[in-house]
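The sequence and structure come first.

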Amino acid sequence: MNKVCLIGRLTKDPEVRYTQTNNTLVASFNIAVNRRFVREGEERQADFIPIVAWSKTGEFVSKYFQKGQQVGIVGRIQTRNYEDDNGQKHYVTEIIAEEVYFADSKRNSSESVFEEYGSTFSGNGQNDFEVSGTDDLPF
């Protein structure tokens, strides 16, 4: 099983692009996820994790997620590699978002987004989506 659940803050606004082959929307962003434990005398450490959201999930992310916002991501780890123009091989590990959540309180988020979509967005790979209210948040 390959399943990842993360809560963190966006380090910058999502970047949107479209695939060349079939013009599918792809939103890319990073979240800073605090490590659970802090060593005595040190500041809290964070991991910066790259996230990729496709199609309707990516559209939702690009429209409603912004820098500094706390979000929840459920997805899967994916690894890939590519060779750049100089022949250098690069390896990439990223999270493919399957579900995205608002993790800030309602007071910190746009009320109109909650009224329109509730607190979660789950793309199902087709052109529709499932929405649930703020009482269903797992955290």
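## A buried ring and its helix

Phe60 is buried, at a relative accessible area of 5%; buried means under 20% relative accessible area, exposed over 50%, and partly exposed in between, with a 1.4 Å probe and protein chains only. The model is predicted, so local features need pLDDT of at least 70 and side-chain atom pairs count only at pLDDT 80 or more, while totals for chains, interfaces and linings use all residues. Residues are numbered from 1 along each chain as its sequence is written, and side-chain values use heavy atoms, with hydrogens and water left out.

Helix H1 covers residues 55-64, and its buried residues are Thr57, Gly58, Phe60, Val61 and Tyr64. Viewed down the axis of H1, these buried residues fall within an arc of 160 degrees and so line one face of the helix; the arc is that of the directions from the helix axis to the C-beta atoms. Helices (H or I, at least four residues) and strands (E, at least two) are DSSP runs numbered from the N terminus.

## Aromatic rings

Five aromatic pairs are found in a search of the whole structure. In one of them, the ring centres of Phe60 and Tyr64 are 5.1 Å apart and the planes stand at 50 degrees, so the pair is tilted. Rings of Phe, Tyr and Trp (its six-membered ring) pair if their centres lie within 6.5 Å; planes under 30 degrees apart count as stacked, over 60 as edge-to-face and the rest as tilted.

Phe60 and Tyr64 are four residues apart in H1, which puts about one helical turn between them. An α-helix has 3.6 residues a turn, so residues three or four places apart point the same way. Tyr64 is also buried, with a relative accessible area of 13%.

## Overall make-up

The protein chain has two helices and eight strands, in the order β-β-β-β-α-β-β-α-β-β from the N terminus. Of its 139 residues, 35% count as buried.

## Nonpolar core

The largest nonpolar core has 20 residues, of which Leu6, Phe29, Ile31, Ile51, Phe65 and Ile73 touch the most other members. Such a core is a set of buried Ala, Val, Leu, Ile, Met, Phe, Trp, Tyr and Cys residues joined through side-chain atoms within 4.5 Å. At least two residues of this core come from each of strand S1 (4-10), strand S3 (25-34), strand S4 (46-54), H1, strand S5 (70-83) and strand S6 (89-102).

Beyond residues up to four places away in sequence, Ile51 touches Leu6, Ala27, Ser28, Phe29, Asn30, Ile31, Ile73, Ile95 and Ala97. Contact means heavy atoms within 4.5 Å.

## Single residues

Asn30 lies in strand S3 and is partly exposed at 29% relative accessibility. Its contacts, leaving aside neighbours within four places in sequence, are Arg9, Leu10, Thr11, Ile49, Pro50 and Ile51. The C-alpha atoms of Asn30 and Arg9 are separated by 8.2 Å, with the two residues 21 apart along the chain.

Ser55, in helix H1, is partly exposed with a relative accessible area of 35%. Apart from neighbours within four places in sequence, Ser55 is in contact with Thr24 and Leu25. Gln69 sits in the loop between H1 and S5 and counts as buried at 7% relative accessibility. A polar atom of the Gln69 side chain lies 3.1 Å from the backbone nitrogen of Gln66.

Definitions and conventions:
Polar contact = N/O pair within 3.5 Å; in protein donor to acceptor, adjacent residues only side chain to side chain.
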